[in-house]
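Me: I would like a close look at one part of this model. Please keep the explanation plain.

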Amino acid sequence: MKEEVYKVARRTGCPVRVVANAFMRTPPDVEFVVVDAGPDIADDWIAERVQPGDIVITNDIPLADRTLKAKGHALGANGKAFTPSSIGAAMAQRELMEHLRSFGEASGGPKPFSQRDRQRFLNALDALVQKAKREAR
């Protein structure tokens, strides 16, 4: 979803920061931050710096929870926003799925993104950017 994020950011004038533990190509107008390798290092870096109104794109539910607690906005790659009223159920479902996986009961990953998924994500991100801008006034 990176290209979609860049597209919305350029159109709305919002800065973008990509945080990862290995080099990746980013456009010149995108800030790229490399952090040490290890579990949750990038998530910790992001969560420690989230400011009210920031938008974090993540499928990591604990990072979404930390973002919301910092008064930021969290959006999944599927275009669904995490909210204070939905994050508890998402955390519980994550815990249940981890438990099932530990017994070998659940497997597989998310299905590939369709054009419809991409459009839903773009629409949700655009709406969230507009909301964050209104809240900043």
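Which residue's side chain meets that of Asp 29 in a salt bridge?

Reply: This is a predicted model. The partner of Asp 29 is Arg 10, and their side chains meet in a salt bridge with an N to O distance of 2.9 Å. The two residues are 19 apart, and their pairing links distant parts of the chain. Asp 29 lies in the loop between strand S1 (17-20) and strand S2 (31-34), while Arg 10 belongs to helix H1. Asp 29 counts as partly exposed because its relative accessibility is 47%, which falls between the limits of 20% for buried and 50% for exposed. Arg 10 is also partly exposed, with a relative accessible area of 47%.

The count of salt bridges comes to nine. Another one joins the side chains of Asp 44 and Arg 66, at 2.8 Å from N to O. This pair, too, links distant parts of the chain: Asp 44 is in helix H2 and Arg 66 is in helix H3, 22 residues apart. Asp 44 is partly exposed at 28% relative accessibility, and Arg 66 is partly exposed at 34%.

Asp 65 and Lys 69 have their closest N and O atoms 3.0 Å apart. Both are in helix H3, and because they are four residues apart, about one helical turn separates them. Asp 65 is buried, with a relative accessible area of 13%, whereas Lys 69 is exposed at 63%.

Definitions and conventions. Residues are numbered from 1 along each chain as its sequence is written. This is a predicted model: local features need pLDDT of at least 70, side-chain atom pairs count only at pLDDT 80 or more; totals for chains, interfaces and linings use all residues. Side-chain values use heavy atoms; hydrogens and water are left out. A salt bridge is a side-chain nitrogen of Lys or Arg within 4 Å of a carboxyl oxygen of Asp or Glu. Buried means under 20% relative accessible area, exposed over 50%, partly exposed in between (1.4 Å probe, protein chains only).
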